[in-house]
There are 2 protein chains.
Amino acid sequence: MVLRKVCSGVSRHKLAALYPVFATYHRKILMKPTVNTNRLLGHLNSLAKIGPRKDGGVCRLAFSKEDLEGRNYVANECRKLGLEVRIDPIGNLFGILPGKTNLSAVMIGSHTDTVGTGGRLDGALGVLAALECANQWVEKGEQPARTLIVASFVNEEGVRFMPDMMGSLFHSGKIDLQTVVEATDSNGITVGEELTRLNYGASGSTSAFNVGYFLELHIEQGPELEAENLEIGVVSGVQGLSWQEVTVEGQANHAGTTPMHLRKDAGAVSTSMMSQLRLLPEEIPGLRLTIGSVTYEPNLINVIPERVQFSVDVRHPDEESLKTAEARIRGILNAPSVCSVTVRSLARVEPCQFAQTVVSSVENAAEGHGYAYKRMISGAGHDAQILSTMYQSGMVFIPSRGGISHNPAEYSTPEHIVAGANVLYGAVMELMNRGD
Amino acid sequence: MVLRKVCSGVSRHKLAALYPVFATYHRKILMKPTVNTNRLLGHLNSLAKIGPRKDGGVCRLAFSKEDLEGRNYVANECRKLGLEVRIDPIGNLFGILPGKTNLSAVMIGSHTDTVGTGGRLDGALGVLAALECANQWVEKGEQPARTLIVASFVNEEGVRFMPDMMGSLFHSGKIDLQTVVEATDSNGITVGEELTRLNYGASGSTSAFNVGYFLELHIEQGPELEAENLEIGVVSGVQGLSWQEVTVEGQANHAGTTPMHLRKDAGAVSTSMMSQLRLLPEEIPGLRLTIGSVTYEPNLINVIPERVQFSVDVRHPDEESLKTAEARIRGILNAPSVCSVTVRSLARVEPCQFAQTVVSSVENAAEGHGYAYKRMISGAGHDAQILSTMYQSGMVFIPSRGGISHNPAEYSTPEHIVAGANVLYGAVMELMNRGD
């Protein structure tokens, strides 16, 4: 407490590094709950063997046999610890360790489904670190002050069945059972059919529990922590997102015979728009803008493009800035041109701010361990963002090497994995000890 | 001659429209050889019935059964007129009407193959108008001063077998027989196999004849004549062409989690290049620049583009200007960027200037008829461009409705078709009467 005052504005781990006396004090008095490194890494290795890819990656597409096996692995490990396992009708899994009090429960977890070219950590880390936290209480023979729930939500990735974050959306009541079971893949197969075929869902729920908090450990999936040589990201929110699809229609014509001034070139018009759009991040600080998909028709070297379709993905942590970006995009796309332009909104998600209580618990845990950390915004969407409307929520990030994810090359060091789990555990401890 | 002096710098047909006295004079003294409208339009209709498409277009891909039938139609019509028909080893067809003198021959014609989605006029008009010119001498029972050769060259379009303008390239010795017979389509079938299967080629040639001039009537395939309300284009040359393929390689990354300053966005880099390239026509007058083909990889809305490939098609009537454009393109593509950039040349054709004698003969014929005309450069490639290295060559253009060609909607009015044939006939008359 004294140190906290003295060092306001200065990261304590930096101060501890500079002054050994502080370092000693710092190590002694701040909470440093630590997890079992080998056990956690062992579980990660075991889960990565379910749905393995030859290139070292993992493929456990939601509602597949491999996805079910992955979930069964987690359920069995929960049962080994004596946790009560409940599975809801779409397969969301909850391992429950009852608390000593009637205070609201702390839920921790993530997902175990992957994209087709997935890595070993995206989702899996959050679930297995949660399992490891529960293990800490179990092996000490202690009962947590509040009920602890290890959660694994289905279909976070949304690769085969839309929407993504389906499990947390269903859990938080934002989509109903019918919407989930009627979701259809590109071959016309529904989630309902897969649930039946695999005997995937059950009728359990967490409705009997009063959940107060949700915490998720995840890899960053971006390059910021690595670039700044940090160990932990204290996630204060998730940026909002706006996706639009732009179609520019002109007239196909002979590239050799059509004078420049008589052209209705969908390529020229769309390129001009894209150039202007790409300047917006300079104008609106914090904006991320990506034009990831561009298709030309007829796409021939000697024919003036008749039709160009492109996507615009903008993201910002602040809703007002996101609206400003959308207005500027409209202005650019609606400017007069020789082509006709149509715009379709594909997705819109408001930014989410995590609960201050939970963000502080994460920050305190990172401080307690002396990890190099910063507060940051998540660039990607996560279950915690959906659950934040129900529960006081937060997230812990660890660095992703090269910022790479959704790829077999996805990697975080064992040290960072353990650091993330330690911070998760420490934050859970702080929330357990709260009186509310 | 008097009028010509008086009106120097002023189109005579305009003057004739303003002053009736000039119009009378103009009609009387200038040459107005005219073709048989119904016969020409009849032949066009008949040839369009060979390889018909349901949408009103025509498909006679080179070295197909339909292409052979189209060529046989022309050969038979030539024989009906008493012309000697010679067919060379790859199927180039020559109908010969011997002249009264030993002066060099006048060759006129075009091609009868089409693209897959062809129209009724591209190529066919030039061949059938040539046939009609020959018919004029035959029905008058006259012998032309010079030998007249009606020519139809094979595979001008180059759709199934590359290169395009194959027949005229072979005729002018720029490619040899082996190159032609070994040309292979996408299914691995060679021209040689098709020549044998269809009994297509023979052993005739025009080598016994001393050809002095080549003239080709063709639809414009562009919008200029229509836009300026003109009836005839006096083609003074064909623009040169340079095709390049640009590959920009960056790094795929998550659109949400990757800060703008850490991106290697192949889309951003290529868009910037394209924007700069598109300004070149303003900088280099007369330059036509087209970016017709653009492909993104992985082409996903929420992934930063890893690889963008795009084409650059530039054309100019002047070789020096084309070289300037190529140098400017190199400068733009070689500028430092966060991505790696590779450039491959796909095609390079120097501009061609037609012979002044032939261009003047076309202009005089247009004047003689009082047609509204202008001198112009061909934007597309034609057999006449290849033959111009062997023979003094020229071309006559008529307007294409909407500038559309290579399309079933390709159309020119009967009036323009007849005007074009009249100008061809008049130009041939003038060349016949030359003493050289």
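How many residues does helix 14 of chain B have, and how far does helix 14 reach from its first C-alpha to its last? I looked it up: 14 residues, 356–369, and 20 Å. That is close to the 20 Å expected at 1.5 Å a residue (1.5 Å times one less than the number of residues). Helices here are DSSP runs of H or I with at least four residues, and strands are E runs of at least two, numbered from the N terminus.

I noted that this is a predicted model, where local features need pLDDT of at least 70, side-chain atom pairs count only at pLDDT 80 or more, and totals for chains, interfaces and linings use all residues. Residues are numbered from 1 along each chain as its sequence is written, and chains are lettered from A and ligands numbered from 1 in the order in which they are written.

Next, burial. Ten of the 14 residues of helix 14 of chain B are buried (20 or more other C-beta atoms, placed from the backbone, within 10 Å of a residue's own). Among them are B:Val358, B:Val362 and B:His369. Just after the helix, B:Gly370 takes a positive phi of about 70 degrees.

Then I turned to the chain contact. 46 residues of chain B are in contact with 46 residues of chain A (C-beta atoms, placed from the backbone, within 7 Å). Helix 11 of chain B supplies the largest share of chain B's side, six residues.

Last, a helix pair. Helix 4 (37–48) and helix 6 (124–140) of chain B pack at about 140 degrees, axes 10 Å apart.

How values were computed: Buried ≥ 20, exposed ≤ 12 C-beta atoms within 10 Å, placed from the backbone. Contact = placed C-beta atoms within 7 Å. Axes fitted to C-alpha atoms, helices over the stretch in contact; angles between N-to-C directions.
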